[in-house]
Amino acid sequence: MSLLQISDPSISNDDLKKFVVGIDLGTTNSLIASYDNELKLYEDNSSSLIPSVVSITKEDILIGVKAADAFDDKNTTYIASIKRIMGLSYSDIQNLDSKDDLLLIKSKNDLPCIAVNNKEYSAIDISSKILSHLKNLAETHENKTIDGAVITVPAYFNDIQRQATKNAAKLSGINVLRLLNEPTAAALAYGLESNETGSFVIYDFGGGTFDVSVLTLEKGIFKVLSTDGNTRLGGDDIDNAITKWLVNNYSFLKSYKTTQIKKYACSLKESMSNKDSFSMDIDGNTISLSKNDFIDIINPILSETFDIVTNAITESKLSSVDIKNIILVGGSTRIDCIKTLLEKKFSCGVLNNIDPDKVVAHGAAIQASILSGNNKENILLLDVLPLSLGIETYGGLSEKVILRNTPIPIKLRKTFTTFKDGQSKLLINIIQGERELVENCNSLGEFILKNIPPMVAGGPRIDVDFQIDADGILSVSATETTTGNSSMIEVKPSYGLTESDIMKMIDDSNNSAEIDMTLRRLNESIVEGKRVIYALEQALQNDGKDLLSEEEIAMVNDELEGLKLSITGEDSSAIEEKIKQVEKKSEFYVERRMNSSIKSFIAGKGIDDIL
Amino acid sequence: MDILKKNFFELFNIEIAIDVNRSELDQKVKVLQNKFHPDKFSSGSDFEKRLALQISSHINDGYKILGDIVLRIEYILKINNFVKDESKTINDINFLQEQIEYSELVESLNDNFDSKIIENSLSSIKFLLKTTVDSIKSSFESNDFENMWQNLSKLRFYIKNINELIKLRNK
């Protein structure tokens, strides 16, 4: 059985091939890669692990390797591990261990910011600087502009953190094809390399976040069954624990800056693998750490990760005997006792044979090549919602409307009404998290429905649709069903930037690059036009005669001719307009193709014939 | 759009029944998503993307409902146009007596943990659950939706009881 190919024709024209990348935006290091039959990592000063660091001096802003080198420079503001505060409010970060390293101030609407040279930088600003740097590295190397990127996020990121990541990308001029969960990306790279099938656990222990996903792999379909994690648990916490231990055991360290001691702690940690003890010299003093002490220090952190693994397996409705392997991902899994302890606890194979630093970027690059149509393999990733979504009800309770680990995309409709005569507004507070009390969860923002037609209390019926897309991001729409009016929704974020703030930031950053934009836009519209023509011609060839009347075929062909003529011109707006028109006029055909495709499924074929 | 109007049993091409084959459902959701997931249309037009998002969400909704026994039975009642006033209560004296005894048991277990008692009551509630499902099946065969609804309410209680006991056991 042939698959429906409306948007994914086998384009042979090389100029239709897009330059797309996968980006692993990590807490400690970031990577950018492309995939065309093999992985290509882009380097910053011959290092593919690019420090997620920004250093700001009076004159300059340094990013990546250069920024990391400026660590000791007294005149720079050194900003690292910004991902830890991504999407958090100033109140959220008060109990964060590493908050002191970042010199955060409370900016407008409870947004944490770093103030340098009379300027305020939010986590979105800093992340967008890192992303721009990565983008430049890849574009300079290929001498091409990036058409789109898949950016990875921790699976346990909530809606606000995902949205913040997307906004940072937009701000750096990157077209986001998809946000991809880090463990899912790792599974994709691992699955394609190894050709394995079965159920797996991805144990992703990074610099600042810990994620677990349980998934099954079968015939190119990667289905996540459950995910769990902690977005504030990572190698950073291990460094902090060792730092505390060092200060308690070596009094001479009391005169050192915490950031400096943390560096020593980090090198101790990195030197511990395959050794029974390790010593180092600091300004004439010797510090040493034995393996047993090391395990004692990190044990509370590791136990927490093991509990999360157990929970994720329970949630997946599998038991640990069903798990074929646990796959280790993330730089922190370099600590060798993690493997032994996991093997003991879950009695299954634990694999650390893939490069834990690069596997996420690898998976993201593969997914980018699939989504752009460059890669024709039949691969699909099915993911889940990491945290339940709820609505605040009386008494500050969260009524869950979509439970965590529900496969996404998913849509849920809830009907609301008014409780006062003539009430014209309705306020809905949307909550994400597992706890019962709203105050223990995250508020995603207040949605205010306006323009409700005046009626008696309980009269209006307002259908509110909560749509979660494949990126795990929520959008809300509402219709008053007795009058059929769609209500207006205004979103007030619980803290931080409003949508219009973001739009303004993006506009400001675009204005500076006006000149190249015209030419770029023309090229993009021509490529897009060619793609539309190709897709439609392929479709007509496949099933045009079966699904369309002669008049309809003639009409579609007319539209195609018009578009073909239009792309020979140089007016990008005219081309875009024409593309829209062709797409609009062929919408009925798209619908018919989808319907006919479901009919062939229902007609009943063996699963093996179809997958 | 025809696809969105299909009931979930039609969409998944399975027979309307109280029991579903879990692994068949798992396979079918993969096949359907492999055609309609938004990622399959990521370079398509906005219209295609929107449609794919709608259809893919609809498939996942169906997967959720067909995969859960309570939601599935509710859904079967719904597609048979059986609407019941939710405020109506169960008037089966035996069942009410059972539930009172159950809450007393949980209370005493909270004070006095006893894993043996937990295991015993777990297996007796599981048995009750199975009997209830069987009687829902036979009601469904004879189109007795009223009786299905009555038993569905009991089913919800039994499932809640079992989850509570398991939670208690693991504590």
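In the predicted model of chain A, strand β8 (residues 104-107) pairs with strand β9 (residues 111-116) in the antiparallel sense over four bridges, two strands being taken to pair if DSSP finds at least two bridges between them. Within this pairing, A:I105 stands opposite A:C113 of β9(A). The two strands belong to an open three-stranded sheet of chain A with the order β8-β9-β10 and antiparallel pairing; because β8 and β10 (119-122) each have a single partner strand, one side of each edge strand is left without a neighbour in the sheet. Neighbouring strands of this sheet are turned by 50 degrees against each other on average, direction ignored. Helix α2 (residues 123-142) of chain A packs on the sheet, touching β9 and β10, and its direction makes about 80 degrees with that of β10(A).

A:S388 is found in the loop between β20 (380-382) and β21 (389-393) of chain A, and it counts as buried because its relative accessibility is 1%, the cut-off being under 20% relative accessible area with a 1.4 Å probe and protein chains only. A polar atom of the A:S388 side chain lies 2.9 Å from the backbone nitrogen of A:R404. Beyond its neighbours within four places in sequence, A:S388 is in contact (heavy atoms within 4.5 Å) with residues including A:K400, A:I402, A:I431 and A:E434.

Residues are numbered from 1 along each chain as its sequence is written, and chains are lettered from A and ligands numbered from 1 in the order in which they are written. Local features need pLDDT of at least 70, side-chain atom pairs count only at pLDDT 80 or more, and totals for chains, interfaces and linings use all residues, while side-chain values use heavy atoms, with hydrogens and water left out.

Key. Buried < 20%, exposed > 50% of the residue type's maximum accessible area, 1.4 Å probe, protein only. Polar contact = N/O pair within 3.5 Å; in protein donor to acceptor, adjacent residues only side chain to side chain. Axes fitted to C-alpha atoms, helices over the stretch in contact; angles between N-to-C directions.
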